[in-house]
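Take a walk through this model. Start with its charged side chains, then turn to its strands.

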Amino acid sequence: MPGQHILLPILPLPHHSFYILSLISFVITVYFHKYTHANIKTEKYRELKREKPRPSPSLVHTQTPLKSLRILISAPLICCWRTMRGGRLKLLSSFSIIASILFTISPLLTRADQLFNYQDALTKSLLYFEAQRSGHLPYNQRVSWRGHSGLTDGLQQGVDLVGGYYDAGDHVKFGLPMAFTVTMLSWSVIEFGEEIAEAGEYQHVLEAIKWGTDYFIKAHTHPFVLWAEVGDGDTDHYCWQRPEDMTTSRQAYKIDKDNPGSDLAAETAAAMAAASMVFKELNPHYSHLLLHHAQQLFEFGDKYRGNYDSSVEEVRSYYASVSGYSDELLWAALWLHRATGRVEYLDYVVDEAEPMGGIGWAMTEFSWDVKYAGLQTLAAKILLNGEHLDKHKLVLEQYKSKAEHYICACLGKNNGTNVERSPGGMLYIRQWNNLQYVSSAAFLLTVYHQYLYDSNNKELQCPDRPVNPNELLALAKSQTDYILGSNPMGMSYMVGYGPKYPTKVHHRGASIVSYKESNGFIGCTQGFDDWFSRYRENPNVLVGAIVGGPNSQDKFRDDRGNYMQTEACTYNTAPMVGVFAKFNQLANKRDMDGIVSRSSSYNSLGKM
């Protein structure tokens with residue numbers, strides 16, 4: 001299983017040189033021992049043989065190729081050291097010690113592109129969205145344990161609301177997190193589409209986006225009407241059933257001009273505008289349709305202002321809009337500007353920057369609720385690329401400053417106003433589902449690195465010190481590797497990835513035998529009695545799901561009832577699609593050397 005290593009990068013030697021030096025030390029030691037010190041007793045070797053620890057069967061089973069290589073290379077060095085302990089070969093002592101140190105610090109042992117298969121992680125991340133599908137599943141559905149569900153959604157209201165995604169481990173379709181999920185999937189394609197295509201996953205990510213946008217088109221039934229939610233969280237949480245057996249309420253809730261929801265309307269507009277960019281070349285008609293809906297939804301949200309959780313009270317206990325709607329309106333305007341190139345949307349972002357908090361809020365989180373760091377990053381890109389008029393420059397510089405506040409806070413270089421770190425190096429925001437903030441941070445760090453690189457900016461000015469852009473990528477990598485298993489628990493928090501991952505995920509469908517294997521009806525309480533409360537592993541593996549993850553001390557309890565840590569959400573995995581693709585490309589190009597040492601240090605040292 002991948003471990004953690006502290007690198008001390010002091011010698012710029014090629015990777016294979018360390019191994020060569022180790023072998024040379026071994027050969028020289030053996031030579032001198034055989035021809036100069038023949039009086040060394042064989043008991044010494046027997047003692048060495050007796051002292052060598054024998055790995056347990058479980059360790060042998062889970063041992064990575066890299067660990068095997070460590071044993072292979074360290075064997076000759078152990079012989080050298082044992083010989084020197086006997087007072088022999090004093091002339092070789094300095095050389096052997098140096099060779100041992102070089103071996104210890106060798107990047108060969110710490111190259112994360114050898115530890116983690118980012119392409120596998122990318123492939124599995126996209127499988128997860130197929131497990132979360134609601135509606136009539138397509139012929140090419142790859143998650144075979146799922147079946148059709150929610151086929152009457154919207155029927156009571158006389159509207160077709162079949163489709164979309166379940167947000168997490170239950171069966172409610174919440175509009176706000178679903179829209180953010182689609183926005184992040186689309187942003188991943190816009191920035192890292194080439195990398196996703198190289199990994200052979202472009203078609204799958206398009207399908208994941210379109211499954212969401214097809215639903216949004218259905219849900220936007222009038223220029224000033226958007227269906228916000230299907231299902232009721234309270235009644236849903238009283239049942240533990242497969243989606244195929246649902247008996248809970250499928251009541252649908254909407255926002256309109258009398259019951260506004262600017263945050264929901266604007267986030268859905270952002271999702272559809274970003275998706276329109278994804279489909280612009282491949283499906284121009286569909287792209288135009290998405291953009292048309294996005295523009296209408298933005299107008300709706302801006303003209304009839306209000307928080308959606310004031311109009312749809314049922315959502316307050318689950319996805320309350322704590323940050324309000326101003327961030328979503330600015331976010332949507334930026335995406336519409338990027339999708340259309342129309343200056344009036346950028347004018348809106350500049351004119352409303354101060355009253356809506358765009359240049360006032362300095363954030364240390366980015367999530368389905370709080371969009372400021374994301375929109376500030378988009379605004380910074382406009383400035384860095386010079387895609388603005390002179391009248392916009394001053395305000396865009398203030399947006400950029402706030403974007404870099406977030407980046408520097410993640411890096412721990414923000415004059416004390418930093419994001420906390422766990423002892424194992426995980427960025428820590430709050431107890432419940434912390435990995436959603438880790439994945440979104442990894443994405444913004446990766447994409448901001450790309451923006452700096454594309455604009456030939458060689459340095460980021462953080463309050464504590466100037467930062468090389470590669471440090472952003474190093475931190476993003478350390479957080480990515482933490483999710484995949486480089487953490488104190490030695491556990492991958494992506495389900496189905498690696499030898500050890502959560503097996504009792506808080507997820508109704510995954511925790512109950514597949515409908516295709518046993519189609520007998522399972523009722524609300526029966527599901528709790530027979531499936532939720534049992535201690536055994538889930539019968540279905542929720543491949544690609546990123547769970548809530550560990551606490552501030554890197555502790556994690558794999559228990560179905562521990563929903564704060566074992567429930568996965570679509571918006572945990574969505575930002576990682578682009579990140580996995582980026583690191584997979586770097587690994588394939590063997591272009592990790594500049595970031596490996598820093599990323600290892602971030603994970604090993606925790607708070608910096």
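Which residues are linked in a network of salt bridges? Asp-153, Lys-173 and Arg-250 form that network. Keep in mind that the model is predicted. In total, the structure holds 19 salt bridges. Three further pairs deserve a look.

Begin with helix α7, which covers residues 118-131. Here the side chains of Lys-124 and Asp-120 form a salt bridge, with 3.1 Å from N to O. Both residues belong to this helix. They sit 4 residues apart, about one turn of the helix. Their surroundings can be read from accessibility. Lys-124 has a relative accessible area of 17%. Buried means under 20%, so Lys-124 counts as buried. Asp-120 has 26% relative accessibility and is therefore partly exposed.

Now go to helix α20, residues 469-484. Lys-477 and Asp-481 meet there through their side chains. This salt bridge spans 2.7 Å from N to O. Again the spacing is 4 residues, about one turn of the helix. Are these two residues buried or exposed? Lys-477 is buried, because its relative accessible area is 1%. Asp-481 is at 4%, so Asp-481 counts as buried too.

The next pair is Asp-160 and Lys-218. Their side chains meet in a salt bridge of 3.4 Å, N to O. This pair links distant parts of the chain, 58 residues apart. Asp-160 lies in the loop between α7 and β1. Lys-218 lies in helix α9, residues 202-219. Asp-160 has 40% relative accessibility, so Asp-160 counts as partly exposed. Lys-218, at 31%, is partly exposed as well.

Leave the side chains and look at the strands. How many strands make up the open sheet? The sheet has 3, in the order β1-β2-β3, and their pairing is antiparallel.

Follow β2 now, residues 225-230. This strand is joined to β3 by 5 bridges, and the two run antiparallel.

Note on methods
Residues are numbered from 1 along each chain as its sequence is written. This is a predicted model: local features need pLDDT of at least 70, side-chain atom pairs count only at pLDDT 80 or more; totals for chains, interfaces and linings use all residues. Side-chain values use heavy atoms; hydrogens and water are left out. A salt bridge is a side-chain nitrogen of Lys or Arg within 4 Å of a carboxyl oxygen of Asp or Glu. Buried means under 20% relative accessible area, exposed over 50%, partly exposed in between (1.4 Å probe, protein chains only). Two strands pair if DSSP finds at least two bridges between them.
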